Amino acid sequence: MAVIGVLTEPPPPTWWRANRHKVYGAAGLLVGFLIGSHLHATPDQQPLPQHRTPAPATPGHHPTHTPPGRTA
């Protein structure tokens, strides 16, 4: 019987080949955290505009007032 080939163990994987899934996972989590915490920041709240004229102290005629009994 003739020996056709010699079976040998393949060389051990390099560090990158053995650990690339861990590197990609950690990088993905870091990028996801940065996107989630910085991209969707709440906009600055602008103060509401204040009225320039005070409301009348006594009830009286108002331009949008409809007298009782009349319909618009």
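Is Val-23 buried, partly exposed or exposed, and what is its relative accessibility? At 32% relative accessibility, Val-23 counts as partly exposed, a class lying between buried (under 20% relative accessible area) and exposed (over 50%), with a 1.4 Å probe and protein chains only. The model is predicted, so local features need pLDDT of at least 70 and side-chain atom pairs pLDDT 80 or more, whereas totals for chains, interfaces and linings use all residues. Residues are numbered from 1 along each chain as its sequence is written, and side-chain values use heavy atoms, without hydrogens or water.

The protein chain has 1 helix and 0 strands, where a helix is a DSSP run of H or I of at least four residues and a strand a run of E of at least two. Buried residues make up 1% of its 72 residues.

Val-23 sits in helix α1, which covers residues 15–38. This helix of 24 residues reaches 33 Å from its first C-alpha to its last, close to the 34 Å expected at 1.5 Å a residue, and a kink of about 40° is centred on His-21, the bend being the angle between axes fitted to the seven residues ending there and the seven starting there.

Turning to the side chains, Trp-16 and Tyr-24 form an aromatic pair that is edge-to-face, at 5.6 Å centre to centre with 80° between the planes; rings pair if their centres lie within 6.5 Å, and planes over 60 degrees apart count as edge-to-face. Trp-16 is partly exposed at 39% relative accessibility, while Tyr-24 is exposed, with a relative accessible area of 56%.

Terms used
Rings of Phe, Tyr and Trp (its six-membered ring) pair if their centres lie within 6.5 Å; planes under 30 degrees apart count as stacked, over 60 as edge-to-face and the rest as tilted. The expected span of a helix is 1.5 Å times one less than its number of residues.
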